[in-house]
Amino acid sequence: MNAPPALPLLAGAPLDAPLAWRAGRPISRRQYLADVDALARRLPDGDAVLAVCNDRYRFALSLGAAMQRGQFNLMPPNHTPDMVERLLGLFPRTHGLLEAGAGPHALPSLRFDDVAPGRADSVADTPCFAPDTVVAQVLTSGSTGQPTRHAKRWDLLVENLRAEAARIAHHLGRDSLAGVSLLGTVPPHHMYGFESTVLLAMLGGASFAAEKPLLPADIAEGLAQLPRPRVLVTTPFHLKTLLDAGVALPPLDLVLSATAPLSPQMAARAEAAWQAPLVEIYGCTEAGQVATRRTTEGAEWEAYDGLRLQGDGAESVVSGGHVPEPTLLADVLEVLSPTRFRLLGRSNDLINVAGKRSSLSHLNYHLNSIEGVRDGAFWLPPDAGDGSVVRLVALVVAPEVRREALLAALRDRVDAAFLPRRILRVDSLPRDPTGKLPAGRLAELAARLLAESGHA
């Protein structure tokens, strides 16, 4: 039986087309391959590479160079010293690739700036890799504190990205993503940023901005430096911050959002402000990307070509396409057909208050839809075990909204059982770089604030 063919590192556009943009200047795919080769020659022996960088081009270099050396990239949720120590426990033969200002870290490291650029005129073709090559280990925070690893194979990533590229091209009304520019507010080492900026360019023919701007004015400037069609790849938190800032953006052709469901009101507001369709992506670390929806057109999600869903409620699985084994999804779904579903909430955020059920994501959606609320989240304290009813706490960034107005707005939106007993005002919530709000961080903040106020 013949072995399956090797798969190229780059696809979807000619080698002289841009892969990336830095400060408005293109970096060709041919130059990228030359830089990958130069970096690969400098990598020390080992098993894994940890790229500590926000620069999307440098992260892409780390990916390609590691593959060329038969190594894989580590993609943890953060680069804190504690996380690096835990990674070394899992992967002792790890070395770092650091950009200026990163570190020091407790692992042998090479700095990107210490590697000279490669010669583009030496590149004739793109390298290819065996389909079963493990190119990344994605680390998620485990309940025990030890990261949980998810190996990502090249063939399954390629198939996933082909499906995503076809779907995004469809939403843009194009045959392909060749010539499309991407600007991401999400880090390249998180799964969403990895797939929808780095790999969407490498395998889909698009190009990405190397920078990762977060301030609204910087996002506007970054977009202005990219040719159209332009796609903004962001999250609900970043999107809301951008809209609230009221900064005018250059013309957009599409907005992508993921990491948490977006309210229809926020989607409509974004489309009205930017005159571009907004598309949400649904996925998870275990299965990769699964489906999209244009939020203003309805609540139903459409699975990528080749994927099928089965089950219902909290026991829904996806399989087919780039998900060869049926994979349980960590969400409560209403499966309408093998390719269409509604998302009802996270299976681990369902709560019961005074005999009534809801989900924290549903409540957070309503809290954040109140005018003047810049950010907010509900927290359910642990049961005291004395038979008393545990009441919700709300943490809000809403300096101009009075408590009474917040409660009145919530009464119009949620059952009275879910009105917060305490409203804690904060300057910001402890979100991670993708805009997600880790439950542990939220609980620590809420418990500390309640203790300081004498209501623990």
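Met 202 touches Leu 9, Leu 10, Ala 11, Leu 19, Arg 29, Tyr 32, Ala 60 and Leu 63, leaving aside residues up to four places away in sequence; contact means heavy atoms within 4.5 Å. The model is predicted, with local features needing pLDDT of at least 70 and side-chain atom pairs 80 or more, while totals for chains, interfaces and linings use all residues. Residues are numbered from 1 along each chain, and side-chain values use heavy atoms, without hydrogens and water.

**Exercise 1.** Find which residues have the most contacts inside the largest nonpolar core.

*Solution.* Start with the criterion: such a core joins buried Ala, Val, Leu, Ile, Met, Phe, Trp, Tyr and Cys residues through side-chain atoms within 4.5 Å, buried being under 20% relative accessible area with a 1.4 Å probe, protein chains only. The largest core has 84 residues, and Tyr 32, Trp 154 and Met 202 have the most contacts inside it.

**Exercise 2.** Classify the ring pair of Tyr 32 and Tyr 57.

*Solution.* Rings of Phe, Tyr and Trp (its six-membered ring) pair if their centres lie within 6.5 Å; planes under 30 degrees apart are stacked, over 60 edge-to-face, the rest tilted. Here the centres are 6.0 Å apart and the planes at 70 degrees, giving an edge-to-face pair. (Helices are DSSP runs of H or I, at least four residues; strands are runs of E, at least two; both are numbered from the N terminus.) Finally, both tyrosines, Tyr 32 and Tyr 57, are buried.

**Exercise 3.** Work out the strand order of the open sheet.

*Solution.* Strands pair if DSSP finds at least two bridges between them. The order is 18-19-20, with antiparallel pairing. Strands 18 and 20 each have a single partner strand, so one side of each lacks a neighbour in the sheet.

Methods: Buried means under 20% relative accessible area, exposed over 50%, partly exposed in between (1.4 Å probe, protein chains only).
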